[in-house]
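The following paragraphs lead through a structure from its fold to the meeting of its chains. Please keep the sequence and the coordinates in view while reading.

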2 protein chains.
Amino acid sequence: MQVCFVRDVSIACIATLTRQFRSRHLAILQRDNTTPQRLIGEAVNLSAPAVQRRIKRMEQTGVIAGNVALVAPAAVGQPITIFVEVELESERTELIDAAKRQFSAAPEVQQCYYVTGEADFILIITVADMGAYEALTRKLFFDSNNVRKFRTFVAMDRVKVGLTVPLPG
Amino acid sequence: MQVCFVRDVSIACIATLTRQFRSRHLAILQRDNTTPQRLIGEAVNLSAPAVQRRIKRMEQTGVIAGNVALVAPAAVGQPITIFVEVELESERTELIDAAKRQFSAAPEVQQCYYVTGEADFILIITVADMGAYEALTRKLFFDSNNVRKFRTFVAMDRVKVGLTVPLPG
DNA sequence: CCTCGAAATGCAAGTTTGTTTCGTCAGGGA
DNA sequence: TCCCTGACGAAACAAACTTGCATTTCGAGG
């Protein structure tokens, strides 16, 4: 029946299958990492200890970077999400690095990316009100002598939020 | 000794203390939700069952919106993060809603926000390579008759990534 | 074709962790 | 004053996680 695989094909098949199973495993953890290993095992046809070992392996190799609880910003008094495109005056490496450090250090800066294109940085900021944002802009942008300009977008609707990575399979 | 509180002050004090303890509790879970309840209890001066009850309460009230594993995109073959500012032709409510649905439905769209300002939507997209992004733009933007234009920023460095909400205390 | 070794698995026992139960205490209102 | 509500701690209980060991599988090399 299903014999006579060309060697490369069979290897590819196995690799694909493995990856798919891992994908399903990871997909479950990405959705809810409190899922008991027993249930994950049933979903991927594995015993609980095997599930446990795979998780440990993925944590050690860095595939799983962390396990966190997601907090609803509005429920803790931080209902405002803001995007900022930041353009620097100078793109000297040291100044870029300094900006990275400064932005990262601010707890209000939830996410910070160094990007190509018409801006240098994109920040996602979480604050309680516009006053707090105004104060933060002063601290991060005006007090710095290296910010040429910045553009602000206020989120009206957090349509889709998460850090879920698309997985094959 | 510590008597003779004016009523409002003492209430405010208690409320503040409570909130601070919750903040510490939440801060721990935001960093690592696999932390044993016993350790959390030690950190916030509470017994394990009390910790358990608070977590359950916060999950039921929506303060904790989920418990997830963070997956490293590069480790699963999705190393490219892209930002897109999308501007629509029409801002009729139905079309806005249709766009929200369409963007949310795409697994590559990790985050989608409806914003004020010079754009209508900001998307954060995770893909394996630029070819995949090109295909996605065709699907999401060109095939739609409602996208006036979009601007792309490619992330060179994911300086700070997370969904951590700043907490008082 | 066969054997070997590395890696992954299942099973079963042991351990930690999470959950429930129960009794107690403090604050608020009738 | 008394009762009620809500939250707590201690202990018992249930569930999940973790480990050791024998087995299997797969690829490499003889």
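In chain A, residues 24 or more positions apart account for 62% of the contacts with a separation of 6 or more, a contact being defined as heavy atoms within 4.5 Å. Of the 169 residues of chain A, 43% count as buried; here buried stands for under 20% relative accessible area, exposed for over 50%, and partly exposed for values in between (1.4 Å probe, protein chains only). The secondary structure of this chain comprises 5 helices and 5 strands, arranged along the sequence as α-α-α-β-β-α-β-β-α-β. Helices (H or I, at least four residues) and strands (E, at least two) are DSSP runs, numbered from the N terminus.

The model is predicted: local features need pLDDT of at least 70 and side-chain atom pairs count only at pLDDT 80 or more, whereas totals for chains, interfaces and linings use all residues. Residues are numbered from 1 along each chain as its sequence is written, chains are lettered from A and ligands numbered from 1 in the order in which they are written, and side-chain values use heavy atoms, with hydrogens and water left out.

The buried residues of H4(A) are A:Ile96, A:Ala99, A:Lys100 and A:Phe103. They cover an arc of only 100° around the axis, which places them on the same side of H4(A); the arc is taken from the directions from the helix axis to the C-beta atoms. A:Glu94, A:Arg101 and A:Ala105 are exposed on the other side of the helix.

How are the two chains related?

In the interface, 61 residues of chain B are in contact with 61 residues of chain A. Since 100% of the interface residues of chain B are also interface residues in chain A, the copies meet through the same surface. The area buried between the chains is about 5,800 Å², and carbon and sulfur atoms give 62% of it; buried area is the accessible area (1.4 Å probe) that two parts lose on being put together, summed over both. B:Leu70, B:Lys160 and B:Leu163 supply 13% of the area that chain B buries against chain A, more than any other three residues.

The structure holds 18 salt bridges over all chains, and the count between chain B and chain A is 6. B:Glu85 and A:Arg151 form a salt bridge, their closest N and O atoms being 3.2 Å apart. B:Glu85 lies in strand S2 of chain B and A:Arg151 in strand S5 of chain A, so this pair joins two chains. B:Glu85 is buried, at 8% relative accessible area, and A:Arg151 also counts as buried, at 18%. A network of salt bridges links A:Glu85, A:Glu118, A:Arg151, B:Glu85, B:Glu118 and B:Arg151.

Within chain A, A:Arg148 forms a salt bridge with A:Glu87, the closest N and O atoms being 3.3 Å apart. A:Arg148 is in strand S5 and A:Glu87 in strand S2, so the pair ties together parts that are 61 residues apart in sequence. A:Arg148 counts as partly exposed, at 46% relative accessibility.

Conventions: A salt bridge is a side-chain nitrogen of Lys or Arg within 4 Å of a carboxyl oxygen of Asp or Glu.
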